[in-house]
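These are my notebook entries on one structure. I set out to record its ionic pairs, its chain interface and its aromatic contacts.

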Amino acid sequence: MIPSISSSRFYRASYLCYVVLFFIFLITPLLVVAAFSFNDSLFPSLPWNGFTWDWYLGSKEPRLGLFHDDALLESIGVSVQVAIVTTLASLALATCNAFLFEREQFPGKNFLYVLMLMPLVVPGVILGVSILVFSSTVANWFEVQFDYDFEALRPGLVLVTLGQFAFITTIATLVISARLRKFDVTQEEAAMNLGASRLTAIATVTLPFLKPALFGAGVVAFLMSFENFNTTLMLVGSDAPLTIAMFDRLREGSTPVLNAVSVLLMVGSACLALVSLFAQRPDKQ
Amino acid sequence: MSAEPGSLKRTQYRLGFWLLLAPIVLWLSLLIILPHIDMVLVSLRERVASRQYEFSFSNYTEFFTEPLYWNTFVRTAVMSIVATALTLIIAFPVSFYIAKVLSGKPKMALFILCLIPFWVSELVRTYGWMILLRETGLVSGALQWLGLVDQPVEMLYNDVAIMVGLIYTSMLFMVVPLVTTLDSLDKSLIEAGYDLGGSSWHVMKSIVIPHAMPGIMSGCIVVFMLTLGNYLTPTLLGGKDSLWFTEQIYTQFITRFNWEQGAAFGILLLVLSSLIVWLGLKITKQSFTRVMS
């Protein structure tokens, strides 16, 4: 079973075989998506008609490439905006939460902690729907009471951002809390003994210590926001983020330009993954 | 002067505490608790005229009397449980291999390789399966090339395709907790099990699996919830007949604009998901906070 236990060659070979098959299963769909972005055909399917750059660089219909497809490029822009706002907001709140749960003692702390984990247990579609229902209740109330149309509470990017923020904050809180737990409080006390105020001590000693976690949580938050579909679907208005735009095209059936977008996403994710790996390396010693 | 700074400090701490507490309370109440309460309220009303509502259970009775809704609900639950079980069965040997058979660099590399697909959007992954499984896709092409079939076969738009997609999408959330818990199992315990005459099966059953239980449980819970709440994979891989419950919710809310019915469906799905998670925790005697973090 493990290397120090002897086992038959057949057993070891078949185990290895299984693991190899597993990784083929894991990687094939991605390779296929990437490969067909270079297929010289109007559909992302067999037969293979030879190599082309058209799905990236093509400039007119029906061979409109990614870099000339304004609708897709615009939706990427929308997604980036939403992701940046969501990331910054959730990091700020998550840092507060981490300090609250790691440093403070108060009645009801465990209850609040369980409540904080709740967004992870609520399916994304339902989270989106509940925020949709509540925000329109509030907006309707404003309309009846003050005859004022609260535009931000109608489906649109503000709600999309709020919906993503609602559950991404929990994940960021878990990551940052885990790091803060490892922090030696005496370092902060030392800074305060040397005359720093509590806030200065936190800003100059604790926050730098948290940096890898903040960065890691930030990357995860950005990706989760950028790739979120379920919550976004229920809250989206007229400006479609990338996942929604891609989904609409997928259902209609699309040219391999979608493969090109996918490759772009893969490259983007890979870069983020590498950056976060390097950023967290000194932490592991 | 000597007493003053102490009390000042205390009020500062109190203030700091309230400043830390306020944002989390705002977040949880405005974005999680109140929306869900409001959804319950909306699900318990019936529109009698324009902007006129009455308290009623009709949205729930509608669910229990209309077989389509009821069947979709049960079908979603059963398929999610099956998908969770299959994910666990497929992921466990691989996780064990990474955690206990390999060591050093290959171990790290294989673990990272496991994570890679999940840095890519679920949409892209599902799209990959669509290209593989569709009538003009690669699997169909490969089967023809091998001479196993003599015409293109459509493999998309059936339950197997949905299942493959769900398992694929969930894999990471099973592998990571499994590898983490298995990693903390001391190899000498396994060796001791063998030295005491245990068979492979026995060692697995009484040493490895009990040790990995927290990981198995958290993996299963996360996978189950993600599967139950999935919309993308069943819709794209299952086509029109996928009959997934989240689709019903979407249809009621967005297509039919029947929010009352949709809210009732949402509550039912939430209750189902919480119930099964709770049962899972009870049966295996795990605590919620431990499993989630």
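Entry 1, salt bridges. I counted a salt bridge where a side-chain nitrogen of Lys or Arg is within 4 Å of a carboxyl oxygen of Asp or Glu.

I worked on a predicted model, in which local features need pLDDT of at least 70 and side-chain atom pairs count only at pLDDT 80 or more, while totals for chains, interfaces and linings use all residues. I numbered residues from 1 along each chain as its sequence is written, lettered chains from A and numbered ligands from 1 in the order in which they are written, and used heavy atoms for side-chain values, leaving out hydrogens and water.

How many residues of chain A are in contact with chain B? Taking contact as heavy atoms within 4.5 Å, I recorded 85 residues of chain A against 83 residues of chain B. I took buried area as the accessible area (1.4 Å probe) that two parts lose on being put together, summed over both. Between chain A and chain B this area is about 7,700 Å², and carbon and sulfur atoms give 82% of it. Helix α1 (residues 9-36) of chain A gives the most to the side of chain A that touches chain B, with 15 residues. For helices I used DSSP runs (H or I, at least four residues), numbered from the N terminus.

I looked up A:E102 and A:R181, whose side chains meet in a salt bridge at 3.2 Å, N to O. A:E102 belongs to helix α3 (residues 70-103) of chain A and A:R181 to helix α6 (residues 157-181) of chain A, so the pair ties together parts that are 79 residues apart in sequence. I classed relative accessible area as buried under 20%, exposed over 50% and partly exposed in between (1.4 Å probe, protein chains only). A:E102 is partly exposed at 25%, whereas A:R181 is exposed at 52%.

I then noted a salt bridge between A:E188 and A:R103, with the closest N and O atoms 3.1 Å apart. A:E188 lies in helix α7 (residues 185-193) of chain A and A:R103 in helix α3 of chain A, 85 residues apart. Is A:E188 buried or exposed? A:E188 counts as buried, at 2% relative accessibility, while A:R103 is partly exposed at 22%.

B:D159 and B:R75 form a salt bridge, the closest N and O atoms being 3.0 Å apart. I placed B:D159 in helix α7 (residues 159-183) of chain B and B:R75 in helix α3 (residues 67-101) of chain B, so this pair ties together parts 84 residues apart in sequence. B:D159 is partly exposed at 37%, and B:R75 is buried at 19%.

My criterion was NZ of Lys or CZ of Arg within 6 Å of the ring centre and within 35 degrees of the ring normal. A:R179 lies over the face of A:F209, 4.0 Å from the ring centre. In chain B, the charged end of B:R45 sits over the ring of B:Y53, 3.7 Å from its centre.

Key
Helices (H or I, at least four residues) and strands (E, at least two) are DSSP runs, numbered from the N terminus.
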